[in-house]
Amino acid sequence: MAPAVHDADVIVIGAGPGGSATAYHLAKHGVRVLLLEKTEFPREKVCGDGLTPRAVRQLIRMGVDTSPENGWLQNKGLRVIGGGVRLELDWPDLATFPNYGLTRARMDFDDMLAQRAVAAGAQLRTGVNVVAPIFNDSGRVIGVEAEVGPGKEKATFHAPLTVSADGVSGRFALTLGLAKREDRPMGVAVRRYYKSPVKHDDDYLESWLELRSKESGDKLLPGYGWIFGMGDGRVNVGLGVLNSSSAYGKTNYRKLLTDWLDNTPADWGLNDEANADGPILGAALPMGFNRVPHYTRGVLLVGDSGGMVNPFNGEGIAYAMESGELAAEILVQALARPAGPERERALAAYPAELKLRFGGYYRLGGIFVKLIGRPEIMGLATKYGLPRPLLMRFVLKLLANLTDPKDGDAIDRIINAMTRVAPSA
């Protein structure tokens, strides 16, 4: 039998942060990588646009210039609002992570990362909608079927290994029979841009633990909110609701957002429809490894496709990029081995390492999601926790997953011990 002709060593489906990070790190190691994206750049994406130091570290590892001169708005930390308390918590000063966060609109953020992958040697093809896997006789994925361009011309691409980084829909994973797990946390978020001369250059990410409606007599609304300055005259404002809340799936989230914003100060400009910049958009947040296994039959799941959003804070970009870099490292080792049992042993390291890094932490996050879904517990935590800065510094490190693994302070050691003893998600 003639050997198969491959278009690449690895096909990466989806050029979001996870896919582009995977392609970049593969290409840097000399791997022939084909990055397939169904849309054209630049393109809009629903996201909070706020990046913690964990995500910043991944950008730096890709050689991205994160300076203000390059269009980034740096932030010092997190401002938490709730229970009548307003508390500013600076990002921790660690050896492992930088001490600043960033904001950047996804309209050009994803394009920037995709171009970093291209500069490293990856081949990017846009307007390519992957619709199905191609299997060999043993049921292993050896390529993909796709529709190309506005005419949806049929095309096939072949590679011995594939990365599914096609986002929350996980369409490629679904074709392999990998449905999401209903016992894992899930959230939904909506967001909108507003022009705001007061808040647009805020140097803290703002997190609202209590949302109130003026229309209903200062009624407490479900969910949590955020306001991120974009540095360009706009802010990104949004809210999220978790599936542990009784309001999940039963609420008009867009009205919920405007009800909350109607109760914000008038000079912020967020309760004036004339300041709105675009529609209210929504997206699901797949959390805590809600789709597994992360490796099967020649396919690795990266980022949202594998349900890697942090259950504690809804952050997905950092984990998409981090899992992409890990996937690339594993794939490089696997490709150095002959196809068959030796290569499979190398590929099995990917889900094992993901569990080691995030399994215990995500399990704790699942417990956290169940607790804050109960209003009485959330109310007590806000009332008695927020006024205690030391406790809140602990909470910030836990929620943002920012600790030094070695030589950290007492808070780092406690959090690291908690994640080690927790059973893996």
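**View A. An aromatic cluster brings together Phe-289, Phe-312, Tyr-319, Phe-358, Tyr-361, Tyr-362 and Phe-368.** This is a predicted model, so local features need pLDDT of at least 70 and side-chain atom pairs count only at pLDDT 80 or more, while totals for chains, interfaces and linings use all residues. Residues are numbered from 1 along each chain as its sequence is written, and side-chain values use heavy atoms, with hydrogens and water left out. The structure holds 11 aromatic pairs (rings of Phe, Tyr and Trp, the last by its six-membered ring, with centres within 6.5 Å; planes under 30 degrees apart are stacked, over 60 edge-to-face, the rest tilted). Phe-312 and Phe-368 have ring centres 5.1 Å apart and planes at 40°, so this pair is tilted. Phe-312 sits in the loop between β21 (299–301) and α6, and Phe-368 in helix α8, so the pair ties together parts 56 residues apart in sequence.

**View B. Tyr-319 and Phe-358 make an edge-to-face pair, with centres 5.3 Å apart and planes at 75°.** Tyr-319 belongs to helix α6 and Phe-358 to helix α8 (helices are DSSP runs of H or I, at least four residues; strands are runs of E, at least two; both are numbered from the N terminus). Tyr-319 is buried at a relative accessible area of 0%, and Phe-358 is buried at 2% (buried is under 20% relative accessible area, exposed over 50%, partly exposed in between, with a 1.4 Å probe and protein chains only).

**View C. Glu-322 and Arg-357 form a salt bridge, their closest N and O atoms 3.7 Å apart** (a side-chain nitrogen of Lys or Arg within 4 Å of a carboxyl oxygen of Asp or Glu). Glu-322 lies in helix α6 (residues 317–335) and Arg-357 in helix α8 (residues 349–372). Glu-322 is buried at 5% relative accessibility, whereas Arg-357 is partly exposed at 34%. Have a look around them, too: Arg-54, Arg-57, Glu-322, Glu-353 and Arg-357 are linked in a network of salt bridges.

**View D. Glu-206 and Arg-79 meet in a salt bridge at 2.6 Å, N to O.** Glu-206 is in strand β14 (residues 204–208) and Arg-79 in strand β5 (residues 77–82), so the pair ties together parts 127 residues apart in sequence. Both Glu-206 and Arg-79 are buried.

**View E. Two charges sit over tryptophan rings** (NZ of Lys or CZ of Arg within 6 Å of the ring centre and within 35 degrees of the ring normal). The charged end of Arg-104 is 4.8 Å from the ring centre of Trp-72. Lys-199 lies over the face of Trp-268, at 4.3 Å from the ring centre.
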